[in-house]
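Colleague: I am new to this one. Could you walk me through how to read it?

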Amino acid sequence: MTAALALGDDALVLSHRLGEWAGRAPVLEEEVALANIALDLLGQARVLLSLADDEDELAYLREERAFRNVQLVEQPNGDFAHTIARQLYFSTYQELLYERLAHGSGPFAPLAAKAVKEVAYHRDHAEHWTLRLGDGTDESHERMRRGLDALWRFTGELFEPVEGCEVEWHTLHDAWLTRITSVLERATLAVPEGPRRGGWAAGAGRQGIHTEPFGRMLAEMQHLHRSHPGATW
Amino acid sequence: MTTMAADAGAYEAVFDAALAADERIEPRDWMPDEYRATLVRQMAQHAHSEIIGMQPEANWITRAPSLRRKAILMAKVQDEAGHGLYLYSAAETLGTSRDELLDKLHSGRQKYSSIFNYPTLTWADVGAIGWLVDGAAITNQVPLCRCSYGPYARAMVRICKEESFHQRQGYELLLALSRGTEAQRAMAQDAVDRWWWPSLMMFGPPDDASAHSAQSMAWKIKRHSNDELRQRFVDICVPQAESLGLTLPDPELRWSEERGHYDFGPIDWDEFREVLRGNGPCNAQRITQRRRAHEEGAWVREAAAAYAAKHGEAQA
Ligand SMILES: [Fe+2]
Ligand SMILES: [Fe+2]
């Protein structure tokens with residue numbers, strides 16, 4: 001179940017990062033919105049991970065090298081623009097991917113059909129804020145540009161084929177780039193330049209190679225569960 | 001002069017009659033200035049409590065020990081943000097904006113419930129807060145669903161439904177711990193030991209020392225006295241603690257046949273006053289985090305306003 005782990009870990013890890021915003025959002029409406037997105041993702045993660053094995057064992061008892069999420073979703077929140085850039089890249093990808101899975105005949109079709117509605121809202125939320133920040137003030141424009149640039153190098157990995165997902169990855173990539181280009185243009189922002197991936201030849205996150213902040217995230221997430229082996233909560 | 005006085009008297013008579021008939025006062029109705037001020041103060045303090053109250057629980061979102069518990073906790077903290085939204089909107093019907101109220105919170109001119117100045121030290125605190133703090137909040141708030149001011153009463157109906165979920169989830173969390181390993185059980189008992197007395201203080205000072213109570217009762221903003229509600233809460237909690245298999249940290253707690261209520265020991269009002277005065281374990285931390293989130297979000301709010309102005313979009 002490579003695919004269930006890959007997609008499940010993406011949702012689990014991004015949900016965790018969004019959960020870190022609780023009590024710190026710039027406006028009360030965003031406390032609600034970010035929590036909504038985090039909850040949708042956590043729900044998806046639980047279904048996907050349960051297809052593979054016990055959800056809690058997978059979430060709490062795997063070592064860093066066994067996680068299959070893309071590196072993009074584990075990147076720390078940064079400022080609100082950085083979080084929105086991460087949301088824009090990921091939710092656009094996830095919506096396109098889930099649309100395709102929903103129309104396929106694979107084991108993820110039912111989950112994808114349900115999740116795609118949630119993800120459409122996540123993408124809408126990200127686009128909305130990309131427009132406001134890009135075309136808002138000089139400061140917000142600059143912050144949004146920096147967030148998009150900094151995360152650009154993690155976007156190539158999104159289109160590494162995932163075993164078990166019957167998807168044409170090339171057309172998925174093209175659709176993604178078209179969509180991102182159009183949003184950024186409307187937001188008066190440029191599509192970042194530069195490499196789309198780091199120096200790893202491997203599929204990096206998908207093969208269990210993560211970035212340094214991820215280990216610390218897992219330490220926090222897993223600490224309590226691991227401190228009480230065998231306990232039920 | 002005389003006509004105006006006569007008019008004011010006529011308005012007041014209408015207001016008094018509405019109160020007497022248990023009718024709702026609505027935003028456009030005439031109301032005494034002090035009634036308006038009392039409501040704004042109370043709704044603001046309530047709204048502030050909802051959003052400050054997110055902090056001690058959000059403290060455990062990233063460490064929740066199972067995915068199921070994590071989802072429940074995230075949803076709970078989100079509910080509290082929603083409660084804040086309803087209550088600030090209800091306060092806006094009296095002509096006070098959310099910005100104005102937040103400003104008063106950040107500058108310390110308005111308060112929030114002192115209970116949130118205590119720290120959440122272990123996972124069991126999440127359960128103790130749900131069971132005891134949300135439980136006390138419900139005891140306080142159910143009567144507010146019949147509050148004389150319409151928008152406040154209606155907001156409370158929605159809020160109370162969600163608070164009772166929180167209370168049950170907290171109880172259920174503690175039950176799982178109490179039936180768990182020795183270490184989990186000890187964690188649950190320790191949390192209840194620390195949260196019990198602060199929860200009793202949530203009902204405010206005893207009736208003979210409560211500054212605003214009498215007038216609020218006359219205006220039907222408040223329906224029961226602090227001591228009455230506190231007693232009701234104790235009576236509910238004692239049997240629940242027994243079912244949980246946990247003890248409440250009060251050696252004087254016992255059923256009184258003659259009163260038909262549980263007797264309980266004296267509350268340390270010195271501690272209450274100290275925490276209220278700002279000397280609780282987390283007062284500075286809570287308000288600092290709130291201010292920081294607000295200040296760090298300023299550029300986001302400015303961007304949204306600038307974008308709305310450029311594109312003629314109604315502001316969020
Ligand atoms: Fe609440
Ligand atoms: Fe609550």
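This is a predicted model: local features need pLDDT of at least 70, side-chain atom pairs count only at pLDDT 80 or more; totals for chains, interfaces and linings use all residues.

Colleague: What is a disulfide, in general?

Modeller: A disulfide is a covalent bond between the sulfur atoms of two cysteines.

Colleague: On to the metals. Which residues coordinate the iron ion (ligand 1)?

Modeller: Look for the donor atoms. They come from B:Glu50 (OE), B:Glu80 (OE), B:His83 (ND1) and B:Glu163 (OE), at 1.9 to 2.2 Å. Along the chain, these donors follow the spacing E-x29-E-x2-H-x79-E. The pair B:His83 and B:Glu163 links distant parts of the chain, 80 residues apart. B:His83 sits in helix α4 (residues 67-92) of chain B, and B:Glu163 in helix α7 (residues 150-178) of chain B.

Colleague: Why is the arrangement around the iron ion (ligand 1) irregular?

Modeller: Check the angles. The four donor atoms subtend 86 to 139°, so the arrangement is irregular. A tetrahedral site would need all angles between 85 and 135 degrees.

Colleague: What are the protein donors of the iron ion (ligand 2)?

Modeller: They are B:Glu80 (OE), B:Asp134 (OD), B:Glu163 (OE) and B:His166 (ND1), lying 1.9 to 2.3 Å from the ion. Their spacing along the chain is E-x53-D-x28-E-x2-H. The angles here run from 87 to 146°, which makes this arrangement irregular.

Colleague: How far apart are the iron ion (ligand 1) and the iron ion (ligand 2)?

Modeller: They are 3.5 Å apart, and B:Glu80 coordinates both.

Colleague: Is B:Glu80 buried or exposed?

Modeller: Buried, with a relative accessible area of 6%. B:Glu163 also counts as buried, at 2% relative accessibility.

Colleague: Now the pockets. How many residues line the second largest pocket?

Modeller: Read a pocket by its space, then its lining. This one holds about 600 Å³. It is lined by 31 residues. Nearest its centre lie A:Val27, A:Leu28, A:Glu29, B:Arg98 and B:Arg301. By class, the lining has 15 nonpolar, six polar and ten charged residues.

Colleague: Which helix gives the largest share of that lining?

Modeller: α6(A), with six residues. Other elements supply at least two residues each, among them α2 (28-52) of chain A and α13 (298-311) of chain B.

Definitions and conventions:
Residues are numbered from 1 along each chain as its sequence is written. Chains are lettered from A and ligands numbered from 1 in the order in which they are written. Side-chain values use heavy atoms; hydrogens and water are left out. On a 1 Å grid over the protein atoms alone, a cavity is a set of points where a 1.4 Å probe fits but cannot get out, and a pocket is an open set with protein on both sides within 12 Å along at least five of seven lines; lining residues have an atom within 4 Å of a point. Grid points are joined across faces, edges and corners, and a volume is the space filled by probe spheres set on the points. Helices (H or I, at least four residues) and strands (E, at least two) are DSSP runs, numbered from the N terminus. Ala, Val, Leu, Ile, Met, Phe, Trp, Tyr, Cys and Pro count as nonpolar, Asp, Glu, Lys and Arg as charged, and the others, Gly among them, as polar. Donors are N, O and S atoms within 2.8 Å of the metal (3.2 Å for Na, K and Ca); water is not among the atoms, so sites may look incomplete. Four donors count as tetrahedral if all angles lie between 85 and 135 degrees; four count as square planar and six as octahedral if opposite donors are over 155 degrees apart and all others between 65 and 115; anything else is irregular. Buried means under 20% relative accessible area, exposed over 50%, partly exposed in between (1.4 Å probe, protein chains only).
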